[in-house]
Amino acid sequence: MTILSGTARLAGITGWPVRHSRSPRLHGFWLERYGIDGAYVPLPIAPADFPAAVRGLMLAGFAGVNVTIPHKVAAFAICDEVDESARRAGAVNTLVFGNGKIIGSNTDGWGFLENLRAHGVDPAAGPALILGAGGAARAVAAVLLSLGVRVTLANRTRARAEALARELPGLTLIDWDQRDHALPGNALLVNTTSLGMAGHSPVEIGLDRGARGLTVADIVYVPLETPLLAAARARQIRAVEGLGMLLYQAVPGFRAWFGVDPAVDEALRRFVAADLLAA
Ligand SMILES: NC(=O)c1ccc[n+]([C@@H]2O[C@H](COP(=O)([O-])OP(=O)(O)OC[C@H]3O[C@@H](n4cnc5c(N)ncnc54)[C@H](OP(=O)(O)O)[C@@H]3O)[C@@H](O)[C@H]2O)c1
């Protein structure tokens with residue numbers, strides 16, 4: 001049993017709904033591991049209540065919160081300050097409360113990079129091809145562009161890719177059906193679409209056309225091994241799974257709220273993965 005003191009540090013995840021979030025499990029693992037007097041709780045908040053609820057959490061003494069669907073853009077709007085990562089992503093997933101101010105950042109891009117590096121992949125090794133133009137694509141494209149990487153993007157709905165390109169100068173767009181053709185010039189292929197998720201059809205792309213040294217990263221993490229990653233591994237192409245990004249994106253928030261720099265290691269991975277396998 002965990003008994004909190006009267007000065008326990010509090011954080012949580014805001015979303016609507018929030019019951020599927022793995023973040024309480026992830027942060028709970030670290031709180032237990034480091035013996036911290038604190039708690040990380042699910043906070044289901046309806047969209048219309050979001051601004052008032054976040055101010056209320058700050059007034060109630062929370063150290064901050066994570067933000068998930070559908071609040072990431074609304075969270076950007078209520079911040080008193082945002083950092084460069086949030087500006088680049090146009091959305092916020094981590095709020096830190098301090099001196100009566102809400103400070104926002106977006107750790108998805110950083111989590112994506114750290115996960116690549118943990119797999120021995122240099123994200124700036126060469127050009128990248130991104131599939132998808134949703135919220136996650138924006139974070140991934142923006143962080144790669146910030147490293148000076150040449151980024152090409154294909155999305156099923158061209159208009160959505162064009163809207164993203166207006167926000168992210170330097171992005172090259174191709175039509176969705178040109179993705180096979182574009183693959184050979186790239187060192188990194190990233191799937192940020194929901195294709196490959198359990199219950200969805202797989203990503204279709206001709207990996208045999210990939211350059212030598214290609215890395216395939218999939219940010220989908222249910223299932224842990226997507227059909228795209230399995231196809232890459234079957235061809236001895238380096239494959240980087242999405243769970244690591246989820247684990248790393250949680251690090252900056254935990255550090256800010258609870259004052260400990262938490263480790264992303266195999267024990268954490270197994271603990272969170274066990275829950276995904278049980279789902
Ligand atoms: N590992 C992590 O930490 C992490 C973080 C964030 C997200 N994710 C995962 O990333 C995925 C995308 O998240 P998101 O927030 O960016 O979602 P989103 O904003 O809803 O975007 C979904 C993307 O998938 C594309 N798509 C959906 N169905 C498709 C189909 N049948 N054929 C081709 N493209 C299709 C959409 O294309 P259209 O524009 O044409 O609809 C869009 O580009 C989800 O699986 C999510 O769980 C993982």
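Tutor: Let us begin with a criterion: a helix is a DSSP run of H or I with at least four residues, a strand is a run of E with at least two, and both are numbered from the N terminus. The model is predicted. By this criterion, the secondary structure of the protein chain comes to 12 helices and 12 strands.

Student: What makes the protein chain as compact as a globular protein of its length?
Tutor: The globule rule gives 19 Å for 279 residues, and the radius of gyration is 19 Å, close to that value, so the chain is as compact as a globular protein of that length. Its C-alpha atoms fill a box of roughly 60 × 40 × 30 Å along the principal axes. Buried residues account for 48% of the 279 residues.

Student: Which residues of helix α1 are buried, and what do they pack against?
Tutor: Helix α1 spans residues 23-33, and its buried residues are S23, L26, H27, F29, W30 and L31. They pack against the strands β1 (9-15), β2 (38-44) and β3 (64-67), as well as the helices α10 (243-249), α11 (251-258) and α12 (266-278). After α1 comes G35, with a positive phi near 60 degrees.

Student: How do you know that the buried residues of α11 line one face of the helix?
Tutor: The buried residues of α11 are V251, G253, F254, W257 and F258. Viewed down the axis of α11, they fall within an arc of 165 degrees, so they line one face of the helix. G259 follows α11 and has a positive phi, near 75 degrees.

Student: Why is T152 called buried?
Tutor: The cut-off for buried is under 20% relative accessible area. T152 has a relative accessible area of 14%, so T152 is buried. It belongs to strand β8 (residues 151-155). Leaving aside residues up to four places away in sequence, T152 touches A128, L129, I130, T172 and I174.

Student: Why does N99 count as exposed?
Tutor: Exposed requires over 50% relative accessible area. N99 has a relative accessibility of 84%, and therefore counts as exposed. It is placed in the loop between β5 (94-98) and β6 (101-105).

Student: Why is Q236 called exposed, and what is the phi of Q236?
Tutor: With the cut-off at over 50%, the relative accessible area of Q236, 72%, makes this residue exposed. Q236 is not a glycine, yet its phi is positive, about 60 degrees. Q236 sits in the loop between α9 and β12 (238-240).

Student: What is the distance between the mean positions of the positive and negative charges of the protein chain?
Tutor: The mean positions of the 26 positive and 24 negative charges are 2 Å apart. As for the surface, the protein chain exposes about 12800 Å², and carbon and sulfur atoms supply 54% of it.

Conventions
Residues are numbered from 1 along each chain as its sequence is written. This is a predicted model: local features need pLDDT of at least 70, side-chain atom pairs count only at pLDDT 80 or more; totals for chains, interfaces and linings use all residues. Side-chain values use heavy atoms; hydrogens and water are left out. Buried means under 20% relative accessible area, exposed over 50%, partly exposed in between (1.4 Å probe, protein chains only). Contact means heavy atoms within 4.5 Å. The radius of gyration is taken over C-alpha atoms; the globule rule is 2.2 Å times the number of residues to the power 0.38. Accessible areas come from the Shrake-Rupley method with a 1.4 Å probe; for residues, only the protein chains shown count as cover. Lys and Arg count as positive and Asp and Glu as negative; His and the chain ends are not counted. The place of a charge is taken as NZ of Lys, CZ of Arg, CG of Asp or CD of Glu. The arc is that of the directions from the helix axis to the C-beta atoms.
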